[in-house]
Amino acid sequence: MDDDLGQTLGAVGPRLRALRRQRETTLADLSSVTGISVSTLSRLESGARRPTLELLLPLARAHGVTLDELVDAPTTGDPRIHLRPVTRHGMTMLPLTRRPGGIQAYKLVIPGNGRRAEPDPQTHEGYEWLYVLNGRLRVVLGDQDLVLTPGEAAEFDTRVPHWFGSADAEPVEFLSLFGRQGERAHLRARPRAQSPSTPSDDA
């Protein structure tokens with residue numbers, strides 16, 4: 001069993017390098033997105049650094065793959081897609097898409113806070129679109145401090161310092177569309193079918 005685990009972890013480095021090169025991403029670009037240092041990323045790819053869950057989670061998100069795909073876990077024979085939630089910094093994130101690259105979709109749940117949380121704005125490459133499902137979402141964007149309620153949406157360039165959390169003691173649930181390379185979500189709607197015209201008064 002230990003040999004199998006060692007072989008699985010040993011294969012992560014080459015897979016990380018292959019994914020990065022496939023997406024034509026530099027170590028510096030990946031570092032800015034994940035917050036992992038260039039030296040650590042290089043050691044992971046070469047196999048000199050043992051991969052841990054804390055390192056693999058942001059890398060899986062950055063590459064748009066699941067953890068199972070990142071470590072090449074064996075298939076179970078179940079054709080259904082099982083997307084597992086991930087909890088980071090108290091926030092639960094459920095990926096809703098599996099395709100690599102392009103816009104990624106997530107459902108996020110942030111627990112309520114008994115006291116007002118202190119924002120810690122971050123920046124990274126990309127573009128994000130948020131839509132609140134339940135609760136009240138506090139969004140700090142640059143010098144703006146906003147509260148979004150159910151049915152409200154926001155979109156912004158993630159190079160602008162940003163932070164979000166629950167606006168009160170209740171949890172908040174929202175959807176996020178994130179484009180790693182700055183892709184924006186374009187919404188299209190078909191024109192409403194026109195009803196047959198009624199005869200004019202002149203007819």
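Guide: With accessibility: buried means under 20% relative accessible area, exposed over 50%, and partly exposed in between, using a 1.4 Å probe and protein chains only. Tyr131, at 28% relative accessibility, counts as partly exposed. The model is predicted, so local features need pLDDT of at least 70 and side-chain atom pairs pLDDT 80 or more, while totals for chains, interfaces and linings use all residues. Residues are numbered from 1 along each chain as its sequence is written, and side-chain values use heavy atoms, without hydrogens and water.

Visitor: How many aromatic pairs does the search find?

Guide: Rings of Phe, Tyr and Trp (its six-membered ring) pair if their centres lie within 6.5 Å; planes under 30 degrees apart are stacked, over 60 edge-to-face, the rest tilted. The whole structure gives two aromatic pairs. Trp129 and Tyr131 are stacked, at 6.1 Å centre to centre with 10° between the planes. Phe164 and Phe174 have centres 5.4 Å apart and planes at 80°, so this pair is edge-to-face.

Visitor: Are Phe164 and Phe174 buried or exposed?

Guide: Phe164 counts as buried at 16% relative accessibility, and Phe174 is buried at 0%.

Visitor: Which strands pair with strand 9?

Guide: Strands are DSSP runs (E, at least two residues), numbered from the N terminus, and two strands pair if DSSP finds at least two bridges between them. Strand 3 (residues 103-110) and strand 9 (residues 172-179) pair antiparallel over eight bridges, with Ala105 opposite Leu177. Strand 4 (residues 127-134) also runs antiparallel to strand 9, joined by seven bridges; there Val132 stands opposite Phe174.

Key: Helices (H or I, at least four residues) and strands (E, at least two) are DSSP runs, numbered from the N terminus.
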